[in-house]
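These are my notebook entries from a first look through a structure that was new to me.

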Amino acid sequence: MSGFGGDGARPAVHPADPHGGPFLRTRFVVPARPRTFLRRRRLTEHLDQALRTPLTMVNGAAGAGKTLLVADWAGSGAGRSGGTDVAWLTTDTAGQGPVVFWAYLLEALRTSGAGPPDDLAVPARAPGVDPALPARLAAALSARERPVTLVLDEFDRVTDPEIHAQLEFVLHHAGPGLRLILVTRTEPLLPLHRYRAAGELTEIRGAELAFTPSEAAALLACHGLRLPAADVRALVARTEGWAAGLRLAAMAAAQSADPRTQLREFEADRTTIADFLLAEVLKRQPPATQDLLLRISVLDRFSAGLVNALTLRGDAEAVLAGLSRANAFVEHLGHGQYRLHPLFAEILRAHLRMRYPGMEPELHRRAARWLRGSGGLTEALAHAAAAGDQDFTAAVLVDDLAIGRLFTGPHADDTAGLFARTGPGGTTPAVHLVGAARDLARGDLDGGLTRLRRAEQALGPIPPHPAADAPGGMADPRPAGDPPERAGDPSDGPVPRAAARLSCALLRALAARLAGAPARAEAAAEAADRLRDAVPEPLVDGHPEFDALLRTHVGAARLWAGRFAEARAALSAVTGAGADRAATAPPRADALGLLALIDYLDGRLGAAERAARAAIAEAERHGLPRPAGSGVEHLVLAALALDRDETGQARTLLDAVDGREPAVRDPVAEAGRAIVAGRLHLARGEPRAALKAVDVEIPAERPSPWARRERAAVEAAAHLAEGRAATAAELLAGLPEEQGAGAVDAARVELAAGRPARAVHLLDRAGPEGRGGPGVTVRAALVRAQAADAVGDRAKALRLVARALKEARHERLRRPFVDAGPWIRPLLGAPPLDRLAAGWLTRGGPAAPYGPPAPDAERRPPVVEELSGRERDVLRRLALMMSTEEIAADLFVSVNTVKTHLKSVYRKLAVNRRGEAVRRARELGLL
């Protein structure tokens, strides 16, 4: 068996193939690498494993760089340095059968210098391969002292199962004498599972062949191009690291006067990339498959069912699986889902428009109909909008009871953007409803109500409830006998019409909230209750955001009306349901903020702070880009900062509110903003500015009792500060006393007027101590203490101040003692009150023994380590109540980087939460 003995002897040359023609010597030559070829060490090192496993498969799409990778490895002497001879064969033998294949394979071995025995040959024009040939070749290879590495390039062209079986036989029985490397676009018909299970297979696939950003930058440099890292990453993202795409784009850019613009904005369908993909991928497919690829180019991802719907055929599953196996730029994503390579899809779409003008909108429409029926609402909306069919797009949203998606959920901005692109037009109720929703979301109450009335008029009256016709339903403004319009294209019927009417109820509730009209909000809620039975339960259950939004809007309207218990019931139902759903995150955060305001107005400051911070945390957890509702949670925190006499923090929070555009601008937030601003001016000794701050008109259908009382309290305090007690008394006269804070404010005015008995009488009649938390009871106790001090009852005054100190200390409620005036200072310096006030209200003195005080500078450990400049940047933005995402955007860093800085800040300040970090930083003078 000369030629396999390792002595390098050259056997006689076989000059002809089985058909009598000469061997094409180019098939035995290792392909040359271009001048701009980039050697990638991670891949050549992986290929070195080919010397340790019998079989290596380099499997990727056309242009993935498979051949050049293996050629570089083989041509660089990697194989020979590992003690092996390398034979190369480009297997362009499709359709020529086993005889030609084996003739060329044997000749490749001879050409490499590792030739088989002279008598091992395939007879010319033989009808088939001698069954003994594979066995004799395997035996000869197994006897070699120096193994042979055989590279079969373009092995996907070898489709004859007999060849695959014979080759696997040789590989299996050659033992360590043969290392086989297959370069292919498809998986060979070899028992790969057995080789994988035995650890005898080295695989390099498309994902590994893809260029990384650093490799792409090096490749561009080989073409004389040096680009910013961001541009390189964008190019890699667009090409997905596809080697041929990168090289062709680089070649075109190198010839351009503006390479950066060329690479950023190149049109794939007008480049050599298109020529490559059309020739190497599309035109290699049968005509029917080409047609399928063109039609599915309008899809981002797809299943066999969706493809069948677009192509009007039934064999998509087999075709897609075959294209994926063939690496024809169709990627299997798992769970029956596929996608096209983005560049290939871009080129196919351009080809589609040329071959089938006008078909693209119809394909989008078919996709939208199929996706709508299969539950893919987000994708259905996108395709409906791409079809340019505004009526159909709106109907998809409304008929699915998904109008709430314009306000909430992870796709809210995308959904709203779809309708922003459709432009004016459309006269169906669904189109009017979507327009109304968009107007109301922008705060355009008049425009929203106009569109809403058009939708209701087209839909007709609400059918009577089976049990009873509950009051408060929406009136039918349409003349009797006027036929109803369609709810929208393409469907009409009881379910879509009921869903549209239910959507009207939701938008009515939102409009009522914006208008400060609680009665209309209740009517909308009643109408929704009557309509819900007409909508299938799965449809309602599939959109939890609908009920969450409806309850939140009704709760906000009840809050405006001062019906706190009823508002709390509606809002609590929102915060306690569906806490794990991103779709309900905005209404949950909105409801938490409104609950925080209710707690604050009731004087329950701790509960108010917890709810406000929970609202902010909910928004941040789901990455909401702005306040989810009216943003009152930030106002509550500002008011709490004022109560704690932290005017700088209050100013910072109020500025943050002014700098943000909330999702909802309702009277609750507008009144709250004015009142907190007025209180801030009072705390800074600016009574006239306080009067100006609250002198704003809040558009509302009916006034709010608590907003009226809080405004009057600010105005009264401003007049008191300038010595106008009578004016202050007039402002507070006649205000309702349902909330204890109003009685406390009135009693303070009586004290200022020198009528302590009248002040105590007002408190006794209203009983504020039993109606609220420390925010009310502390002030009430101080008013009573001042009244006792005024009549000379010092012992009673001391007891009342002591009670106020004990209640206020836990909440760090300092402002009531500051506002109390000079009479209280001697009391606070006398035992035992000095011990109760020390450390949190007054400086100096021993620590009080009545439980742990609020965190303060004396009791906190020092800073563990000095904060870095970037950590201070993050901390300053933290004090502005910016979310992690907003801080990252403001500092031009990643969210993960911000989180890392936050952890470091917490550690250095010895805190665990955001609020604690800001308070601690203020105590240490870092802010």
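**Entry 1: a buried histidine.** I began with His-164, which counts as buried because its relative accessibility is 3%, where buried means under 20% relative accessible area, exposed over 50%, and partly exposed in between, with a 1.4 Å probe and protein chains only. I then looked up its place, which is in helix H6, residues 161-174; helices (H or I, at least four residues) and strands (E, at least two) are DSSP runs, numbered from the N terminus. A polar atom of the His-164 side chain lies 2.8 Å from the backbone oxygen of Val-158, and a polar contact is a pair of N or O atoms within 3.5 Å, where within protein one must be able to donate a hydrogen and the other to accept it, and residues adjacent in sequence count only if both atoms are side-chain atoms. Leaving aside its neighbours within four places in sequence, I found His-164 in contact with Phe-155, Val-158, Thr-159, Pro-188, Leu-189 and Leu-190, contact meaning heavy atoms within 4.5 Å.

**Entry 2: what I am looking at.** I noted that this is a predicted model, in which local features need pLDDT of at least 70 and side-chain atom pairs count only at pLDDT 80 or more, while totals for chains, interfaces and linings use all residues. Residues are numbered from 1 along each chain as its sequence is written, and side-chain values use heavy atoms, with hydrogens and water left out.

**Entry 3: the whole protein.** I listed 47 helices and 7 strands in the protein, and of its 927 residues 54% count as buried. Among contacts between residues at least 6 apart in sequence, 71% join residues at least 24 apart.

Entry 4: Helix H33 (residues 667-683) has 17 residues and reaches 24 Å from its first C-alpha to its last, close to the 24 Å expected at 1.5 Å a residue; the expected span is 1.5 Å times one less than the number of residues. I found 14 of the 17 residues of H33 buried, and thus the helix mostly covered, and after H33 comes Gly-685, with a positive phi near 75°. For helix H39 (residues 774-790), the end C-alpha atoms are 23 Å apart, which agrees with the 24 Å that its 17 residues should span at 1.5 Å a residue. In H39, 13 of the 17 residues are buried, so this helix is largely enclosed by the rest of the structure, and it is followed by Gly-792, whose phi is positive, near 85°.

**Entry 5: two helix pairs.** How do H9 and H10 lie to each other? The axes of H9 (residues 213-222) and H10 (residues 229-239) come within 9 Å and cross at roughly 105°, axes being lines fitted to C-alpha atoms, for helices over the stretch in contact, with angles from 0 to 180 degrees between N-to-C directions. H9 and H10 are therefore roughly perpendicular, since angles under 35 degrees count as roughly parallel, over 145 as roughly antiparallel, 65 to 115 as roughly perpendicular and the rest as oblique. Pro-213, Ala-216, Ala-217 and Leu-220 in H9 meet Val-232, Arg-233, Leu-235 and Val-236 in H10.

I then turned to H35 (residues 705-721) and H36 (residues 725-732), which pack at an angle of about 170° with their axes 8 Å apart, and that makes H35 roughly antiparallel to H36. Among the residues that meet there are Ala-712 and His-719 in H35, and Ala-725 and Leu-731 in H36.

Entry 6: Thr-552 is in helix H27, residues 544-560, and is buried, with a relative accessible area of 1%. Its side chain reaches the backbone oxygen of Ala-548 at 2.7 Å, and its contacts beyond four places in sequence include Arg-513, Leu-571 and Asp-590. Phe-392 lies in helix H20, residues 390-399, and counts as buried at 0% relative accessibility; Phe-392 and Arg-365 are 27 residues apart in sequence and 8.7 Å apart in space, C-alpha to C-alpha. Val-895, found in helix H46 (residues 895-909), is partly exposed, with a relative accessible area of 28%.
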